[in-house]
Amino acid sequence: MPTPIDLNFSSTHEWCRIDANIATVGISDHAQGELGDVALTLLPEVGRMLQRGDKLGEIESIKAVSDLYAPVSGEVVAVNEALDDAPELVNDDPYGKGWMVKIKMTQPADAETLLDSAAYEATF
Amino acid sequence: MKLTIEPLLFELSKPGRSGVELPACDVPVLSISDLLPSEGLRSTLPLPELSEPEVIRHYTHLSQLNYSTDSGFYPLGSCTMKYNPKLNEEVARLPGFARVHPDLPDTAAQGTLEVLYSMQEILAEIGGMDTVSLQPAAGAHGELLGLMLIKAYHDDHGQGQRCLVLVPEAAHGTNPASAARCGYTTVTIKSDGRGRVDMAHLRTLLTENQENVAGLMLTNPNTLGLFEDDIAEICAMIHTAGGLVYCDGANMNALVGRARPGDMGFDVMHFNLHKTFSSPHGGGGPGSGPVGIKSILEPYLPVPQVVKTDGGYRRDYDRPKSIGRIHGYYGSFLCILRAYAYILYYGRERLANIAENAVLNANYIRVQLQNSFDVAYNELCMHECVFTAKRQQRERGVRALDIAKRLMDFGFHPPTIYFPLLVPEALMIEPTETESMETLDSFISAMRQIASEIETDPAIVLSAPHETVVHKLDEATAARKPVLRWREQHK
């Protein structure tokens, strides 16, 4: 799957699509491939304040349970509830319907610490 | 006879069938509704109805589906699935041991207490420790006890602020879990290019957290099957920083009789009797994870501890600084007894043969398979070796999981896969000392055939297993939509 060019990535494989001050967050195609079939996602409740690097939630695949980390600081303003019934969206459409949370950013400069698509692809 | 999936008892049930015929009741019959309140009664109870031979055959068929060290080679890395000698079972069934009641006074259980006391002494000598508590019921329970002792030691010495436990990247997953359970925060030490503790990173962590390091947990040999050759220096650094060093003894099969964690500088360790000392492992449980300690930790040991006095053996509860109880009565006694029989069977001189042959067998497999699969760190290993199927995954789309499934077609239990985590597509093989060269050769030949199939016919590997009772399972659906119990509509 080609990596969309409008995304930014953390070194822990979360992606962000930043639109004004809202960052939509998911995990990369590379990450879902390494995890294998996703069985469950545990995501924060709306309203939670997160610092960049905080544990955002957990993702459980048939192989392992992994932590998810907030790529930017801010307040969780939406959670993808579709994943409760269809966690496979993370595998099938990691950059689209498999999104996990939307964060209202409190530190816009966080975006500058992330990798662009080309840099992420070159690293992983 | 070809084995097939065994139906559930519910599916085999026929209304009205039963295993026993009871004689007519010879006392007045009372109605159950007169005896119990109506809200406690139900009109239906769907229990299976079968005859005795049907039940016996059902369970015998299930037992035939088992795979164990009694039926074949079981190279499950990190688990030490060695053969369990039947002599152990005979000893554990001696009525004086098997039927001893835990509430007997010490004076009436001298033989049992002698076994426990002797095991404390024997394990202390094997580990190079000063004394041992046999109480923990498993390895992770031993880890928890070890950390509780470390915490008690620091608290007793006015060092309660020490809140960090350092754990190398290659540690067993239970290590950080035990530390967290004990209230510690874990800090991961990186591995270096040789798969060992990165000494520069360790030095940095110690400098940054000087007053806060409670200790370090280390498996030696580590989970890559490599001996941590800087261990003396690592222990010295932790001691200088005021911390204590914990040895996860899960890999003791590589060392037993040849090297002692106590001599390397460790302050506390656990043994897995169900690994190194051949008591049954897994479903047959319980396990046993005795903890060995240096004398500085002795005041904090859990009660009771078995002691020898002029008047015989007794359980000592008079330990004012003890952390208290961690197990009802005294540990997993029959498990300890099996391990005791195993150690006495080998004796002091021959115990080292265990480690020697375990290491030899692992290196034999490593060298015989190094042209078929890439070895993660290709050097002399200890009791287990780790391969990576990264190349096969990249070039042929065949993953470690597929290789493991294909091995089942050859009649072998698969090795551990995807552990240790720092090796991508890991296949971790631990043959143990009990296997003959013929068994190792037939395993090697199966692995070589799989390697060649990956090149010529990957589909046969990707769709494996073909010869087992159940074929490839849909693990994703099983995890996403688990069916946890049988219901009438499944019939």
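Predicted model: local features only at pLDDT ≥ 70, side-chain atom pairs only at ≥ 80, totals over all residues.
In chain B, the domain assignment gives domain 1, spanning residues 86-345, and domain 2, spanning residues 352-477. The centres of these two domains, taken over C-alpha atoms, are separated by 31 Å. Their contact takes 18 residues from domain 1 of chain B and 17 residues from domain 2 of chain B. When the side of domain 1 that touches domain 2 is divided by class, eight of its residues are nonpolar, seven are polar and three are charged.

In soluble globular proteins, nonpolar side chains tend to be buried together. In the present model, the largest nonpolar core has 117 residues, and those with the most contacts inside this core are B:Leu149, B:Tyr246, B:Val268, B:Ile336, B:Ile403, B:Ala426 and B:Leu427. Helix α12 of chain B, which covers residues 333-369, supplies the largest share of the core, namely 17 residues. Both domains of chain B take part, since at least three residues of the core are drawn from each of domain 1 (86-345) and domain 2 (352-477). For B:Leu149, once its neighbours within four places in sequence are left aside, the residues in contact are B:Val268, B:Ile293, B:Leu297, B:Tyr300 and B:Ile323. A second, separate core has 30 residues, among them A:Cys16, A:Ile18, A:Ala23 and A:Leu89.

In chain A, three strands form an open sheet with antiparallel pairing, in the order β4-β6-β7. Strands β4 (38-42) and β7 (65-69) of chain A are the edge strands, each of them pairing on one side only. With direction ignored, neighbouring strands of this sheet are turned by 25° against each other on average. The antiparallel pairing of β4(A) with strand β6 of chain A, residues 55-61, extends over four bridges, and within β6(A) the residue A:Ile59 is the bridge partner of A:Thr41. In chain B, strand β8 (residues 305-309) and strand β9 (residues 312-316) pair in the antiparallel sense over five bridges. A hairpin through two residues joins β8(B) to β9(B), and B:Gln305 stands opposite B:Asp316 in β9(B).

The contact between the two chains takes five residues from chain B and five residues from chain A. By class, the side of chain B that touches chain A has three nonpolar and two charged residues, with no polar residues.

Technical notes: Residues numbered from 1 in each chain as written. Chains lettered and ligands numbered in written order. Contact = placed C-beta atoms within 7 Å. Nonpolar A, V, L, I, M, F, W, Y, C, P; charged D, E, K, R; others polar. Pairing = 2+ DSSP bridges. Axes fitted to C-alpha atoms, helices over the stretch in contact; angles between N-to-C directions. Core = buried A, V, L, I, M, F, W, Y, C linked by C-beta atoms within 7 Å. Buried ≥ 20, exposed ≤ 12 C-beta atoms within 10 Å, placed from the backbone. Domains from an automatic or database assignment.
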